[in-house]
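Here are my notes on this one, in the order I'd go through them. Have the model open while you read.

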Amino acid sequence: MTSNKNDQPKPDLNTLAVWAGEENKDFWQRSTQVPVVHSVSYGYKDLDTWYEVATGNETGHIYSRNTNPTVDAFEEKVRQLEGAEACTSFATGMAAISNTLFALLSPGDRVVSVKDTYGGTNEVFTKFLPRLNINVTLCDTTDHEMIEQEVAKGCKVLYLETPTNPTLKVVDLERLITAGHAVGATVVVDNTFATPINTNPVQFGADLVVHSATKFMGGHADALGGVICGSKDLVQEVFHYREITGATLHPMSAYMLLRGLKTLGLRVERQNDNALKIARFLKGHPFVKDVLYPGLESHLHHEIAKKQMRGFGGVLSIILNGDFESVKTFLPRLNYAHLAANLGTVETVAGPPRTTSHVEVTPEQRAALGIPESLIRYSVGIECVDDLIADLSQALDYTSGKLK
Ligand SMILES: *Cc1c(COP(=O)(O)O)cnc(C)c1O
């Protein structure tokens, strides 16, 4: 776990992405890059120093399940990008989310969240928390009044995610965080889709921000990881739980994520631009029934998105003017998209919810969540947008031609 030490004026996010966590460090043999420290333990010449480090009176490391120098550098970079007091990391995004919820909640407590959370998070809410006699209320994500009413009844944790997967709903962070704080709730926000480049939930009062670092942060689909940022006390509480559950981020993964983060600003700014251009192109296409993207003026939550997002993100959803058969024809026609269950990477990735975000869910449940069978989640990469538009265009023409 890392936390801030000095309060200098905050540099631009692109500068932080490159330098944060890597300044003034005594790296191995003066290497300019953070070394990957695979060592499990750290040796001491005298028992007094060892004891001071072990009891937290002096900085240092004891055992890598708890802390590790490479992992520390990664956490410090994320902490500064989110503008938070403290940060700790996990083996995966789901480890971050589940450890946070299990650390904060006890039998008899109540959680309020929304129906559109990430599939794994939704499983924690519907399966594992109720088993511990924790009361979970999942609200309609678009109904801010209902969320406020449920929160007002009292809750220990208010858990939010924005934009949501795959329907790209945006919740009003300032409004709902205020509602949560009015009843003393800890407000947790999954900021994976927005990234720290587009939104910093801490600015709106979020107590804890979680990320699947696997997605945009790493950006290259070659390392799993999770992270939480927030106040020192809360992060410490979850960090202690994670020390014991052992859901620790591997140093090699920390290194890959650290390297990915250096280009986070470049990548996300490009992905924001690409996604908006693609959304506008698709919006006018006869074979496209609808495009879900918070950057479009027609999006249900465009005004909220404008208020809390600097860019609208790299993920959009396309609803074809057809059925699931048309999706099966369309997707394999794309030249520049992995058909895979991932997002936020330098390459474009596309897939339907039934094989990605909502694989465990029945067609009836997907319909109840407002996810049509002809919806495709399209995570825009950093390719030249003209090539992506040409690719989508030919695949749409081919698919609509086949159906005639
Ligand atoms: C992928 C994802 C997660 C889970 O992250 P893993 O690293 O796969 O465990 C959580 N929340 C959101 C929004 C995600 O997209």
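Which residues in α3 meet which in α10?

1. First, the ground rules. This is a predicted model, where local features need pLDDT of at least 70, side-chain atom pairs count only at pLDDT 80 or more, and totals for chains, interfaces and linings use all residues. Numbering runs from 1 along each chain as its sequence is written, and side-chain values use heavy atoms, with hydrogens and water left out.

2. Back to that question: T70, V71, A73, F74, K77, V78 and L81 of α3 meet P251, A254, Y255, L257, L258, L261 and K262 of α10 (contact means heavy atoms within 4.5 Å). By class, that contact has 11 nonpolar, one polar and two charged residues (Ala, Val, Leu, Ile, Met, Phe, Trp, Tyr, Cys and Pro count as nonpolar, Asp, Glu, Lys and Arg as charged, the others, Gly among them, as polar).

3. On geometry, α3 (residues 69–82) and α10 (residues 251–262) pack at about 35°, their axes 8 Å apart (axes are lines fitted to C-alpha atoms over the stretch in contact, and angles run from 0 to 180 degrees between N-to-C directions). Helices here are DSSP runs of H or I, at least four residues, numbered from the N terminus.

4. Now the ligand. There are 13 residues around the ligand, with G93, M94, D190, T214 and K215 coming nearest (near means a heavy atom within 4 Å). The shell splits into four nonpolar, six polar and three charged residues, and helix α4 (residues 93–104) gives the largest share, three residues.

5. Look at the side chains too: a polar atom of D190 lies 2.7 Å from a ligand nitrogen, while an N or O atom of K215 is 2.7 Å from a ligand oxygen (polar contacts pair N or O atoms within 3.5 Å).

Technical notes:
Polar contact = N/O pair within 3.5 Å; in protein donor to acceptor, adjacent residues only side chain to side chain. Helix = DSSP H or I, 4+ residues; strand = E, 2+ residues; numbered from the N terminus.
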